[in-house]
Amino acid sequence: MSARLSGPADGPAYWFIFSGPKLLLRGGPTIEAPLVATPEALGLALEQIMALGQFLGRPAFCAQAAADAPAPEGMFWRIVLGLDQKAGPELFWKAGEALYAQHWLRRSRHCGLCGGPTSLAPDEEPLVMRCQHCGGLHYPRLSPAVIVAIEHEGRILLANNRRHPPQWFSVLAGFVAPGESLEHAVQREVAEEVGLAVADIEYFGSQPWPFPDSLMVAFRCRALDDQIRVDGKEIGEARWFAPPHMPSRPHGVTIAARLIDDYLARHGG
């Protein structure tokens, strides 16, 4: 599979270029993606070049550089996660779209039906690969996940996932299993991870989460009791918190932060 531009950009374009998981950024008063007339100006050998529509009124493209590629002068490599607190939500979400596109291109090099090579299908919708051998079309895969704020008598349940630093707490989340509704996924994840039964499950919102290919669907709900029974596998610790005594937690534009901020706004935090 070799993804290429459908045509040259009309004037300077923003380039979202990755070296492994890290994104190329330009430093200065603000952090931004490189804006150049041609990708050759960056001096990098690029693969998997793909159009990304518009960003800040200019064409945008994403591409992959070598894993050990040095950053051009005045630029640096940085992971996308957490970029919203450094560079703002616009860059964060566009970089996330680029990260997902590169992940999908990398995983779609061959047809899942016959094993033949694939290429972008320019006559189809964006992000469609066509097998050069059997003609099969392959669309991007999204992995739906639920994320949930659980309340009991004015307190919110926050948990420390073993993958996160100690004393850093967030709301619970987990992937939706085949055959489940989103509400059933909420009930199962909460029961498995902290041993609670919940009711009054209410939709809150959704958010793309391209790390690498999730769609986060957020809910609020009420626990029927407050007796936490942590699974000890994925969750290391879980506790009830009230507004005066909140722990280290998500901030920025993530839907986890929005769920917690919503709780605080409703309880005077």
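**Cysteines and helix 4**

Hi everyone, let's start with a residue: at 6% relative accessibility, Cys111 counts as buried. Please keep in mind that this is a predicted model. Its mean pLDDT is 92, with 95% of the residues at 70 or more. The part to treat with care is residues 1-7, where pLDDT stays under 50. The model still has 22 contacts beyond four places in sequence for residues 1-7.

Back to the cysteines. How many disulfides does a search of the whole structure find? The count is zero. Cys111, for one, is in no disulfide, and the nearest cysteine sulfur, in Cys134, lies 3.8 Å away. Then there is Cys114, which is partly exposed at a relative accessible area of 39%.

Now on to helix 4, residues 255-266.

Which residues of helix 4 are buried? They are Ile255, Ala256, Ala257, Leu259, Ile260, Asp262, Tyr263 and Leu264. Do notice Asp262 in that list. As for what covers these buried residues, the cover includes strand 10 (143-152) and strand 11 (155-161), along with strand 13 (198-209), strand 14 (214-223) and strand 15 (235-241).

One last stop: just after helix 4, Gly268 takes a positive phi of about 75°.

Methods: Residues are numbered from 1 along each chain as its sequence is written. This is a predicted model: local features need pLDDT of at least 70, side-chain atom pairs count only at pLDDT 80 or more; totals for chains, interfaces and linings use all residues. Side-chain values use heavy atoms; hydrogens and water are left out. pLDDT is the predictor's confidence in each residue, from 0 to 100. Contact means heavy atoms within 4.5 Å. A disulfide is a pair of cysteine sulfur atoms within 2.5 Å. Buried means under 20% relative accessible area, exposed over 50%, partly exposed in between (1.4 Å probe, protein chains only). Helices (H or I, at least four residues) and strands (E, at least two) are DSSP runs, numbered from the N terminus.
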